[in-house]
Amino acid sequence: MEKKRKKTKTKNEDKKNAKPVAKKKPTSLKLKLRNTKPSDYESIREIMDMVYSNAGGTWKKEEFLSQLEHFPEGQFCIEDNGKLVAAVVSMIVKYSNFGDKHTYDQITTEGYLRNHDPDGDTLYGVDIFVNPSYQGLRLGRRLYDARKELCQNLNLRRIIVGGRIPGYKNFFDEMSPQEYITKVKDKEIFDPVLSFQLANGFHVRKIMTNYFPEDKDSKTYATLLEWINIYYEEKELLIGGKKPIVRVGVVQWQMRSVDSFEAFLKQIEFFVDAVAGYKADFVLFPEFFNVPLMAKYNELSPSDAIRSLA
């Protein structure tokens, strides 16, 4: 989940729609995007302590190492002159196993990423954070672009993220979350998280409640956002794949006598071949399609004839 962002004071605290004060930006940048390593934990913790001081805290070391263990390719960071300044956490899930009614802790297993599924179809955004001194340098966009590239390279259907709406704290007594999100979409209101996500090509899929209960700024509301990979190609499984359409061939035939069991099988084979030509998965014969075979047992009562036929 893009769950946490640092609360930034504005120039005018009374102006609800004010944007954050620009911080002094570093000079002589030498930025490098790379995968996160176990040795990065202390740098990660330092940034999260700054960014999440009032929004949920820092990843524990065991959580951080579990993320790298389950999906090392999905954990990125940006360093400046060798100093880690931003990072992103992701996982892969089969989204139909969770659907839109999930919480952050449920889908991420409280940050340990035990639900990571290499055979899934969706890249799930777990977290993103940028050193406050480096905010405004488009590092977040660069991390999102890395996610999109990973999604395309792995041929995943989409990216899903759960997003905070921290600016809603200033408007919750005036409008519903739906109205707030609409105004952010229309750029009438600036939200430090949602505005960024919309600008990066995501669309709001659903409004959720209690997705991240500790998020008081968002009044426990969150947006479920989606980015569609237009290059996605459906994976065709030759064995064990799920079919969206099942064809059933239904046979209606004229009852006729047969000279032998072999002749009866030839009749069956004719209809099986005909239905197979329409690429049917099942063929349904009449309930008593085997009655002609009972002619061999005419001297018996009906019940005995059926038992003999069986």
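Lysine 279 is exposed, since its relative accessible area is 67% (exposed means over 50%, buried under 20% and partly exposed in between, with a 1.4 Å probe and protein chains only). This lysine 279 lies in the loop between helix H7 (261-276) and strand E9 (282-284), where helices (H or I, at least four residues) and strands (E, at least two) are DSSP runs numbered from the N terminus. The phi of lysine 279 is near 55 degrees, a positive value in a residue other than glycine. Most residues other than glycine have a negative phi.

Leucine 113, likewise not a glycine, has a positive phi of about 60 degrees, and it is placed in the loop between helix H3 (104-108) and strand E4 (122-130). Leucine 113 counts as buried because its relative accessibility is 0%.

## Basis of the model

This is a predicted model, in which local features need pLDDT of at least 70 and side-chain atom pairs count only at pLDDT 80 or more, while totals for chains, interfaces and linings use all residues. Residues are numbered from 1 along each chain as its sequence is written, and side-chain values use heavy atoms, with hydrogens and water left out.

## The sheet and its helices

Seven strands, in the order E1-E2-E3-E4-E5-E7-E6, form an open sheet with mixed pairing; two strands pair if DSSP finds at least two bridges between them. Strand E1 (31-35) and strand E6 (203-209) are the edge strands, each pairing on one side only. Within the sheet, strand E3 (residues 83-93) pairs with E4 in the antiparallel sense over eight bridges, and valine 93 stands opposite threonine 122 in E4.

Helix H5 (residues 177-185) packs on the sheet and touches E6 and E7, contact meaning heavy atoms within 4.5 Å. The direction of helix H5 makes about 155 degrees with that of E6; axes are lines fitted to C-alpha atoms, for helices over the stretch in contact, and angles run from 0 to 180 degrees between N-to-C directions.

## Aromatic rings and charges

The structure holds 16 aromatic pairs, a pair being rings of Phe, Tyr and Trp (its six-membered ring) with centres within 6.5 Å, stacked if the planes are under 30 degrees apart, edge-to-face if over 60 and tilted for the rest. Tyrosine 104 and tyrosine 211 have ring centres 6.1 Å apart and planes at 70 degrees, so this pair is edge-to-face. Both tyrosine 104 and tyrosine 211 are buried.

The charged end of arginine 114 sits over the ring of tyrosine 112, 4.3 Å from its centre, the criterion being NZ of Lys or CZ of Arg within 6 Å of the ring centre and within 35 degrees of the ring normal.
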